[in-house]
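I opened this entry to keep a record of what I looked up, going from the whole chain down to single residues.

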Amino acid sequence: MRATVEQGMRVMGMISGTSVDAIDVAICDLAPDAVSGPDALTLRLVAHAEQPFPPTLRERTLDLLALQAAPLADLTELNFQIGAAFADAALQTLATAGIGVEEIDLVASHGQTLYHLMESGRTPSTWQAGEAAVIAQRLGVTVLSDFRVADVAAGGQGAPLVSYLDALLFAGPHTVALQNIGGIGNVTFVPGGSAPEDAYAFDTGPGNALLDRAARVFGLAAGYDEGGQMALRGTVHNDLLAELLAHPYFTRQPPKSTGREVFGDDYADEILARAAQLRPSADDTMATLAALTADSIVRAYRSFGPPRIDTVHVSGGGARNRALMERLRALLPQSRV
C-alpha cells in the first residue's frame with residue numbers, strides 16, 4: 001500500500017452479484033475533507049465498468065449454485081478461477097480508463113457469493129469465492145476481502161452491505177428508498193431529516209434470479225428477458241401470484257437476508273412445475289414472476305418501511321426490465337420511482 005487516507009488514496013472496488021452476469025469495477029479517489037471536519041473524506045468516481053463474467057465460468061458457477069453441492073476439488077479450483085476472472089476484470093478496466101496499475105493504492109474485492117446460510121438452527125455463515133491472493137499477485141496491489149464474512153462474524157446478516165454509503169449519499173430532507181434489483185432484491189431506507197445511523201436495510205426477496213431461470217428454461221437466447229419484453233406480452237396469473245406471495249420469507253421481520261439458497265433455480269423450477277399445472281402461457285408465467293418481484297418489494301415497504309417514501313431509486317439489472325418498473329410505479333403512486 002503506497003498511500004494513506006491522510007494523503008489521499010485511489011481505491012478499486014469489485015463485486016459480482018447473485019445474477020453472476022458481470023464483474024462490476026469502480027475506481028475512486030478518497031481524500032481528506034478539511035472543510036467538513038477532521039474525520040471527513042471526499043469520494044470521487046474516477047472510472048467504472050461492467051466486465052462480462054466469462055461465459056464458461058458463469059455456466060460452471062450457475063451449475064454449482066443450482067446443485068448446492070460439489071466435490072472439494074471443484075470448489076477449490078473455482079475459487080481460484082473466479083479470483084483470476086476478477087483480476088482480468090480489474091486489468092481490463094484499468095486499460096480502458098488509461099490508468100496504470102501502479103496508481104491503485106488498494107483493491108477491495110467482494111467476490112462471488114456461493115452460499116449464504118441464514119437458516120434457522122444453523123450457524124450463520126457465508127462464503128464468497130474469488131481468491132484475494134490471486135488478485136493481489138496478478139495486480140501487485142494489497143487486496144481487502146471477506147466483507148460479508150466480517151459482517152456475519154460480527155453478528156450481522158452479511159447483506160446488504162452498501163447501506164451506510166447509501167445513507168451518506170442520499171441523506172436529506174426527504175425519505176428515500178434505495179432499491180437494488182439484482183439476482184436478489186434489497187432495499188436501504190433513508191428517513192428524511194435523519195442521521196446516517198438511522199438508515200436501515202434488508203433483502204426484500206427475489207430480484208431477477210427466478211426470472212433469469214425461467215428465461216433459460218423458455219430458451220431465450222440472451223439468458224434473460226431483455227427489457228422485460230416477454231413479461232410485457234403476458235398477463236399476470238393472479239392465483240399463482242397469490243400462492244407465491246405466501247412464502248414465509250416475506251413476513252419475516254428484518255433484519256433479514258436471503259439468496260439463491262431460497263430463491264434460486266430449485267425454487268424457480270418448483271414454480272414452473274406449478275405453472276405447468278395451472279397452464280398459463282410462457283409469457284403469462286414470466287409476467288407473474290415479474291409481478292412477484294415487484295409485489296414482494298412493495299409489501300416489504302408497506303410492512304417494514306417508513307410510512308411515507310418520497311423517492312425510490314432503483315438500481316441493478318431489474319431497473320432495465322420495463323415490466324418490473326411499470327408495476328413498481330403502479331403500486332407506488334405516492335412515490336417518485
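**Ground rules.** I am working from a predicted model, in which local features need pLDDT of at least 70 and side-chain atom pairs count only at pLDDT 80 or more, while totals for chains, interfaces and linings use all residues. I number residues from 1 along each chain as its sequence is written, and side-chain values use heavy atoms, with hydrogens and water left out.

**Whole chain.** I looked up the secondary structure and found twelve helices and ten strands, where helices (H or I, at least four residues) and strands (E, at least two) are DSSP runs numbered from the N terminus. For the dimensions, I noted that the C-alpha trace spans about 60 × 50 × 40 Å along its principal axes. The radius of gyration of the protein is 20 Å, which agrees with the value near 20 Å for a compact globule of 337 residues; this radius is taken over C-alpha atoms, and the globule rule is 2.2 Å times the number of residues to the power 0.38.

I then turned to burial and found that 49% of the 337 residues are buried, where buried means under 20% relative accessible area, exposed over 50%, and partly exposed in between (1.4 Å probe, protein chains only). Of the contacts between residues at least 6 apart in sequence, 67% join residues at least 24 apart, a contact being heavy atoms within 4.5 Å.

**Helix α6.** Which residues of α6 are buried? In this helix, residues 209–217, I listed A209, L210, L211, D212, A214 and A215 as buried. They pack against strand β9 (200–206) and against the helices α9 (260–263), α10 (265–278), α11 (282–304) and α12 (322–331). After α6 comes G219, with a positive phi near 80°.

**Helix α5.** In α5, residues 163–170, the buried residues are S163, D166 and A167. Seen down the helix axis, they fall within an arc of 95°, so they line one face of α5; the arc is that of the directions from the helix axis to the C-beta atoms. Their cover includes β7 (176–181), β8 (184–190) and β9.

**Cis peptide bonds.** I recorded a cis peptide bond from A159 to P160, with omega near -15°, and placed P160 in the loop between α4 (147–153) and α5. The bond from P254 to P255 is also cis, with omega near 5°, and P255 is found in the loop between α8 (238–244) and α9.

V20, in the loop between β1 (9–16) and β2 (22–32), has a positive phi of about 50° although it is not a glycine. Is V20 buried or exposed? At 0% relative accessibility, V20 counts as buried. D146, in the loop between β6 (143–144) and α4, has a positive phi near 60°, and at 43% relative accessibility D146 counts as partly exposed.

**Two further residues.** T311 lies in strand β10 (residues 311–315) and is buried, with a relative accessible area of 12%. Leaving aside neighbours within four places in sequence, I found T311 in contact with T175, V176, A177 and R336. E103, in the loop between α2 (72–97) and β4 (106–117), is partly exposed at 35% relative accessible area. E103 and Y200 are 97 residues apart in sequence and 35 Å apart in space, C-alpha to C-alpha.
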